[in-house]
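Good morning. Please take a look at the sequence and the model on the screen, and I will go through two parts of it.

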Amino acid sequence: MDPIRNPYAPGAGQRPPELAGRDEQLRAFDVVLERVARGRPERSLVLTGLRGVGKTVLLNALRSQAVRKGWGTGKLEARPDQHLRRPLSSALHQAVRELAHPETDQSDHVLGVLRAFAQREAGPQAKLRDQWSPGIDVPAARGRADSGDIEIDLVELLTDVGGLAADLGKGVGVFLDEMQDLGPDDVSALCAACHEISQTGLPVIVVGAGLPHLPAVLSASKSYSERLFSYQRIDRLDRAEADRALTAPAGEEEATFTDDALTAMYDATGGYPYFVQAYGKTVWDVAPRSPITVDDVAVAAPEAERELAVGFFGSRFERATPGEREYLHAMADAAGDEVDAVGSVPTADVAAVLGKKPQSLSPARDSLLKKGLIYSGERGRIAFTVPHFGRFLRSR
Ligand SMILES: Nc1ncnc2c1ncn2[C@@H]1O[C@H](COP(=O)(O)OP(=O)(O)O)[C@@H](O)[C@H]1O
Ligand SMILES: [Mg+2]
């Protein structure tokens with residue numbers, strides 16, 4: 001069929017033509033926004049799930065929802081080797097601009113605090129050229145959010161930004177993707193700041209997204225984090241939702257799928273949103289006409305798998321060193337056909353497959369954890385962060 005009219009959108013963070021199966025989260029977030037804007041206590045939200053289930057896309061949708069309510073919003077993506085200060089400053093700068101407070105005095109004050117917060121990263125003795133300029137043309141405030149202790153500074157900054165929003169009867173939302181990649185100091189400061197802010201009733205919320213072990217990262221840092229955040233597991237779509245993700249966009253283009261084709265699609269994708277988009281895209285291009293049939297799916301499958309092998313699995317596998325790849329393969333072997341169903345394998349089994357002592361494998365495992373290719377949800381067990389990764393490895 002006409003590739004120009006192909007509606008599907010495989011790719012990290014790509015907005016899907018139909019956001020299927022997330023109505024509950026969108027509705028719940030509406031309530032959160034209303035409550036927070038009225039100064040009611042509400043927990044910050046954290047979305048967790050495997051890669052490709054649609055966390056980033058949902059995070060963006062929640063942000064849009066906040067923007068539609070006139071909130072100030074900003075988004076950032078945590079990186080393993082980066083501190084929170086700068087990206088958070090940029091995100092909050094954006095939020096303050098979106099709030100567009102009519103009294104420039106007040107927003108200028110907050111911008112000055114924001115600048116002080118941002119510049120503090122280089123240290124007070126830093127030469128001018130090492131000082132990062134956040135693009136704020138108001139002079140940095142003094143004595144506010146510039147102590148150098150990220151926790152204190154964060155509380156002061158969020159208090160001022162939240163105050164600005166409260167003035168307007170609005171709120172501020174910080175959307176934080178790949179949250180598991182925050183450094184330990186930043187995690188602890190962020191938890192503490194959320195804790196502090198939530199007690200003041202200021203309209204500020206943090207909405208995070210990250211891999212399945214993110215709750216463990218947060219509670220290891222602060223034991224009260226379980227009460228601080230409301231965790232939402234984002235998972236694959238059920239059959240009806242996956243069907244809707246395919247048929248609604250097709251319908252817009254006056255195309256349909258046969259029932260058998262939809263069954264075959266679900267068998268192949270397991271309802272994982274990334275796979276739904278990848279298969280949808282390929283089968284559309286391959287099918288000669290509507291309705292798309294089960295035969296079209298069969299013809300498209302090898303091509304879809306080839307694209308996934310490069311774009312989804314391969315790009316991640318490339319990041320592993322030879323030793324780490326050996327470890328990944330051993331994981332896939334240890335799990336056997338169970339890997340996608342059970343999800344996790346004992347690290348002892350991986351060592352057994354390789355015929356090595358578990359301790360000798362710690363460096364490879366730790367580095368794979370750090371690269372976000374595997375995660376450990378419970379002690380002594382590990383799992384792939386990428387769905388169907390075991391199957392991919394065994395097919396190589
Ligand atoms: N609810 C959904 N319905 C249909 N497609 C979706 C949905 N959520 C995500 N997708 C698609 O899945 C892919 C991965 O989404 P993304 O948000 O990047 O996942 P994650 O951040 O969890 O790795 C994208 O191509 C996106 O269009
Ligand atoms: Mg993502």
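I start at the beginning of one helix, H9, where Asp 238 caps the N-terminal end: one of its side-chain oxygens sits 3.2 Å from the backbone nitrogen of Ala 240. Keep in mind that this is a predicted model.

Now the helix itself. H9 covers residues 239–252, which is 14 residues. Does its length agree with what we expect, or disagree? At 1.5 Å a residue the helix should span 20 Å, and its end C-alpha atoms are 20 Å apart, so the two agree. After H9 comes Glu 254, which has a positive phi, near 60 degrees.

Which residues of H9 are buried? They are Ala 242, Asp 243, Ala 245, Leu 246, Pro 249 and Ala 250. These buried residues pack against two helices, H10 (259–269) and H11 (273–286).

The second part is empty space. Rolling a probe the size of a water molecule over the atoms shows where such space is left. In the whole structure, the search finds 2 cavities of 30 Å³ or more. The largest cavity holds about 170 Å³ of space. It is lined by 18 residues, and the closest to its centre are Glu 42, Ile 197, Ser 198, Leu 202 and Val 204.

Where does the lining come from? Helix H6 (184–200) and strand E4 (204–210) each give at least two residues to it. By type, the lining of the largest cavity has 11 nonpolar, 4 polar and 3 charged residues.

Key
Residues numbered from 1 in each chain as written. Chains lettered and ligands numbered in written order. Predicted model: local features only at pLDDT ≥ 70, side-chain atom pairs only at ≥ 80, totals over all residues. Heavy atoms only, no water. 1 Å grid on protein atoms, 1.4 Å probe; cavity = no way out; pocket = protein on both sides within 12 Å on 5 of 7 lines; lining within 4 Å. Points joined across faces, edges and corners; volume = space filled by probe spheres on them. Helix = DSSP H or I, 4+ residues; strand = E, 2+ residues; numbered from the N terminus. Nonpolar A, V, L, I, M, F, W, Y, C, P; charged D, E, K, R; others polar. Expected span 1.5 Å × (residues − 1). Buried < 20%, exposed > 50% of the residue type's maximum accessible area, 1.4 Å probe, protein only. Contact = heavy atoms within 4.5 Å. Polar contact = N/O pair within 3.5 Å; in protein donor to acceptor, adjacent residues only side chain to side chain.
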